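Please read the points below with the structure open beside you, and check each one against it as you go.

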Amino acid sequence: MNAITPIRTSSPMDWATDQEVRWCPGCGDYAVLKAVQRTMPEIGGDPAKTVFISGIGCSSRFPYYMETYGFHTIHGRAPAVATGVKLANPELDVWIITGDGDALSIGGNHTMHLLRRNLDCQVLLFNNEIYGLTKGQYSPTSRVGTRSPSTPFGSVDTPASPCVFALGAGARFVARAIDVHKRLPDVLKAAHTHKGTAFVEIFQNCIVYNDDVFASFTDRSNAAAGQLWLTHGEPMVFDGGSKGLRLNLDRLAFEVVDVANGDWKAAGVMVHDIANRMLAHLLVELPAASFPVALGVIYDSPAATFEGAVVAQNLAAAKGKTPDLAALIAKGQTWQVDKEPHVI
């Protein structure tokens, strides 16, 4: 094999393949794809050392459109394949592309174990609250009352929250973003910087089967009051700085307060701390009806990675030993077959 010359600098076009991008016109996946392709050069990525792995769903076509190595795997099993890839070559930059149905339904168990193990990878979960590829059935994140081919009278299931699930499974990095928002690349960069499993929920609009499901906080007219973009060390203010979140210590719950003349300290607005796990739990469970949606990096607290522990364990087990395949094969119970078979 010819040696591959490392790419030290690149442009977004270097990360785009010659494949026709095939999503529905107006799909939010286009925006996410462009955001990722713009982000890769900025993080100093090398296509020869990058792998995109997906499961099944609209979002899972992603690897075809990235000029990197990639696997389009089976439903819900992208985390298992990603784990194998990372263990085989820990130097690879592994990205998992999945959806709310792929990751939280048939793949829920795999996603949980990926998060608790803390494999060093980035998980981009496209949440459109519907099964788009299979023509609009309700998904684990669909809201109560969602009408679909599988719930014509409206879903009665209590929806799952991807970020609540991730924190409960032991995730060390949890973030949220919006498909068409200009801050999505910043969230992707933060996820890549994190050492361990970085879980990013991306609110993605399915224009065909669940159009405008996030309009209450994504529409231009609702964005200021509906979005709380978090920054470590800065106050939790929104709506142009006129409102903020204050922690009610009696109830251990957030409440919305008015901020007069930009004096957020006087209003008791809390400062965001990405290393505070309890704070992260409160933020991802803010009631949608009366609170803005928490966006940006919600939690970031690195810990030892799974592949790092496996590599260290293997090195310790092999220390002082000489590789001997023949001895390994002959170890334990063995049998010797006679040259001439016995005749009965």
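1. A polar contact of 2.8 Å joins the side chains of T151 and S148, where a polar contact is a pair of N or O atoms within 3.5 Å, of which, within protein, one must be able to donate a hydrogen and the other to accept it, and residues adjacent in sequence count only if both atoms are side-chain atoms. The T151 side chain also reaches the backbone oxygen of T146, at 2.9 Å.

2. Before going further, please note that this is a predicted model, in which local features need pLDDT of at least 70 and side-chain atom pairs count only at pLDDT 80 or more, while totals for chains, interfaces and linings use all residues. Residues are numbered from 1 along each chain as its sequence is written, and side-chain values use heavy atoms, with hydrogens and water left out.

3. Where does T151 lie? It is found in the loop between β4 (121–127) and α5 (162–168); helices (H or I, at least four residues) and strands (E, at least two) are DSSP runs, numbered from the N terminus. T151 is buried, with a relative accessible area of 9%, given that buried means under 20% relative accessible area, exposed over 50%, and partly exposed in between (1.4 Å probe, protein chains only). If its neighbours within four places in sequence are left aside, T151 is in contact (heavy atoms within 4.5 Å) with Y138 and T146.

4. For the chain as a whole, there are eleven helices and eleven strands, and the C-alpha atoms fill a box of roughly 95 × 45 × 45 Å, taken along the principal axes. Of the 344 residues in the chain, 44% are buried. Among contacts with a separation of 6 or more, 66% are between residues 24 or more positions apart. The accessible surface comes to about 18300 Å², and 56% of this belongs to carbon and sulfur atoms; such areas come from the Shrake-Rupley method with a 1.4 Å probe, and for residues only the protein chains shown count as cover.

5. An open sheet of three strands, in the order β8-β9-β10 and with antiparallel pairing, deserves a careful look. β8 (237–238) and β10 stand at its edges with a single partner strand each, so one side of each is left without a neighbour in the sheet. Two strands pair if DSSP finds at least two bridges between them; β8 and β9 pair over two bridges, whereas six bridges join β9 (residues 243–248) to β10 (residues 253–258). Strands of a sheet pair through backbone hydrogen bonds, either parallel or antiparallel.

6. Which residues does G244 meet in this sheet? V237 stands opposite G244 in β9, and in β10 the bridge partner of G244 is V257. The hairpin of β9 and β10 has four residues between the strands, and L252 takes a positive phi near 50 degrees there.

7. The side chains of K243 and D258 meet in a salt bridge (3.2 Å, N to O), that is, a side-chain nitrogen of Lys or Arg within 4 Å of a carboxyl oxygen of Asp or Glu. K243 lies in strand β9 and D258 in strand β10, so the pair ties together parts that are 15 residues apart in sequence. K243 is partly exposed, at 27% relative accessible area, while D258 is exposed, at 58%. A further salt bridge joins the side chains of E255 and R246 (2.9 Å, N to O), and R246 is partly exposed, with a relative accessible area of 32%.

8. How many salt bridges does a search of the whole structure find? The search finds seven, and one of them is formed by the side chains of K195 and D120 (3.1 Å, N to O). This pair links distant parts of the chain, since K195 is in the loop between α6 (184–193) and β6 and D120 is in the loop between α4 (108–117) and β4, 75 residues apart. K195 is partly exposed, with a relative accessible area of 48%, whereas D120 is buried, with a relative accessible area of 10%. Salt bridges that share partners join K86, D120 and K195 into one network.
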